[in-house]
Amino acid sequence: MSIDLESLYRDLHRHPELSFQETRTAGVIVRHLTELGLEVEEGVGRTGVVTVVHGAAPGDGPVVWLRADMDALPVEEHTGLDYASTARGVDPSGAEVPVMHACGHDMHVAALLGAVERLVATREEWSGTVVAVFQPAEEYGAGSRAMITDGVLERYPRPDIVLGQHVTPLPAGVVGVRPGTQMAASDGLSVVLHGRGGHGSRPQSTIDPVVMAAATVMRLQTIVSRETDPRDVAVVTVGSIHAGLKNNIIPAEAKLELSLRYPDDDARDRVLEKVERIVRAEAMASGAEQTPTISTDHTLPPTINDDEATARVTSAFERHFGEGSVVDPGMFTGSEDVSWFARDAGAPLVFWFWGGVDPLAYAEAAAAGTLERDIPTNHSPFYAPVLQPTLSRGVENLVVAAREFLA
């Protein structure tokens, strides 16, 4: 009996789970893979799932890894879908938060399950080995590393090629892929600014970390606007500020959480130096008695597509889907942890984007110049790919790309 992928997708969308908490999602994956007659390992890298599909002659062909991420985000959904999430979860700080598949990882899981089913059904037509990797905690930038630390590269056939995909606000039916840097490198930083707390009526007796934080946030914006060549790529985002509990208490510290993006290591070094310089200088300007604490929460390398392998995948897509079905989307300033699998294995990587927006809605917004306003993007509470043809194309993408390498 074939997998009802549309019902599966709706179920996953309705029941999202935060990073390293994807136990229900893993259970759904395991059940369907087991029904296909496959041996499955769960709990890889805490909550990951891995299975292997052998072709007609496993030893005569390459090893192809297909990867999908599983985790959701602390976002309250406002899509209005009849299968919208109302789920709640507990984040690492212990706070209860809404949870939503606001980045499309539910679509990634459903597409990979559909691709595995197709490859199982046609295994007499190809030779080689497919390793399907359902990865947790991409949103933390930690899931692939957790699976590698858990020995996934030692327990399973090492890849000759790693393939992956991400749904994005392109028209449904379009694939975006390019050789070289496909996605930016990233660092997540936590900055604690130390002041001196006191009564809100006596600010002169304090060193106010709220004012210090406000000045720091504003000055950090000049890294891109005034210290980076306009022809270069850099992103400095302060995504979180936390300070204080009551309006008449000046707190003792303020915490900033930063997301930094850049195309290469040289740019990374430059941006990190500027961030540290500004944070320390603003603390000094505020009269802080303690140096700010700067810690790195995660580091992700750039997602770099292998030139030769990308050319093969692009040609396979164009032959299968037709001329004009593949576009160069440019370098995305988002970041991914998929490349750790390829880097640690010494294998080439091809990672592409596929469209999830109704083509007519996309064309109308593009003609009106309102794409940014009218087409929700990943991580938006309004983001939801159109179910079809997005899902069927996601399955087909993976099968076509994998079969390009399988003998």
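Here is a short walk through helix packing, aromatic rings and some backbone details of this predicted model. Residues are numbered from 1 along each chain as its sequence is written. Because the model is predicted, local features need pLDDT of at least 70 and side-chain atom pairs count only at pLDDT 80 or more, while totals for chains, interfaces and linings use all residues; side-chain values use heavy atoms, with hydrogens and water left out.

Let us start with two helices, α2 (residues 23–35) and α3 (residues 105–121), which pack at an angle of about 10° with their axes 11 Å apart. That angle makes α2 roughly parallel to α3 (angles under 35 degrees count as roughly parallel). On the α2 side, the contact (heavy atoms within 4.5 Å) is made by Ile29, His32 and Leu33, and on the α3 side by Val109, Leu113 and Val116. Five of these residues are nonpolar, one is polar and none is charged (Ala, Val, Leu, Ile, Met, Phe, Trp, Tyr, Cys and Pro count as nonpolar, Asp, Glu, Lys and Arg as charged, and the others, Gly among them, as polar).

Now for the rings. Aromatic pairs are rings of Phe, Tyr and Trp (its six-membered ring) with centres within 6.5 Å, called edge-to-face when the planes are over 60 degrees apart. The count comes to six aromatic pairs. In one of them, Phe317 and Trp352 have ring centres 5.2 Å apart and planes at 80°, so the pair is edge-to-face. Phe317 lies in helix α9 (residues 307–321) and Trp352 in strand β18 (residues 349–357), so this pair ties together parts that are 35 residues apart in sequence. Phe317 is buried at 0% relative accessibility, and Trp352 is buried at 0% (buried means under 20% relative accessible area, exposed over 50%, partly exposed in between, with a 1.4 Å probe and protein chains only). Phe317, Phe321 and Trp352 form one aromatic cluster. The charged end of Arg393 sits over the ring of Phe321, 3.5 Å from its centre (CZ of Arg within 6 Å of the ring centre and within 35 degrees of the ring normal).

Arg46 is found in the loop between β1 (40–44) and β2 (48–54), and is exposed, with a relative accessible area of 58%.

Most residues other than glycine have a negative phi, and most peptide bonds are trans. Arg46, however, has a positive phi near 85°. A cis peptide bond joins Gln388 and Pro389, with omega about 10°.

Methods
Axes are lines fitted to C-alpha atoms, for helices over the stretch in contact, and angles run from 0 to 180 degrees between N-to-C directions. Helices (H or I, at least four residues) and strands (E, at least two) are DSSP runs, numbered from the N terminus. Angles under 35 degrees count as roughly parallel, over 145 as roughly antiparallel, 65 to 115 as roughly perpendicular and the rest as oblique. Rings of Phe, Tyr and Trp (its six-membered ring) pair if their centres lie within 6.5 Å; planes under 30 degrees apart count as stacked, over 60 as edge-to-face and the rest as tilted.
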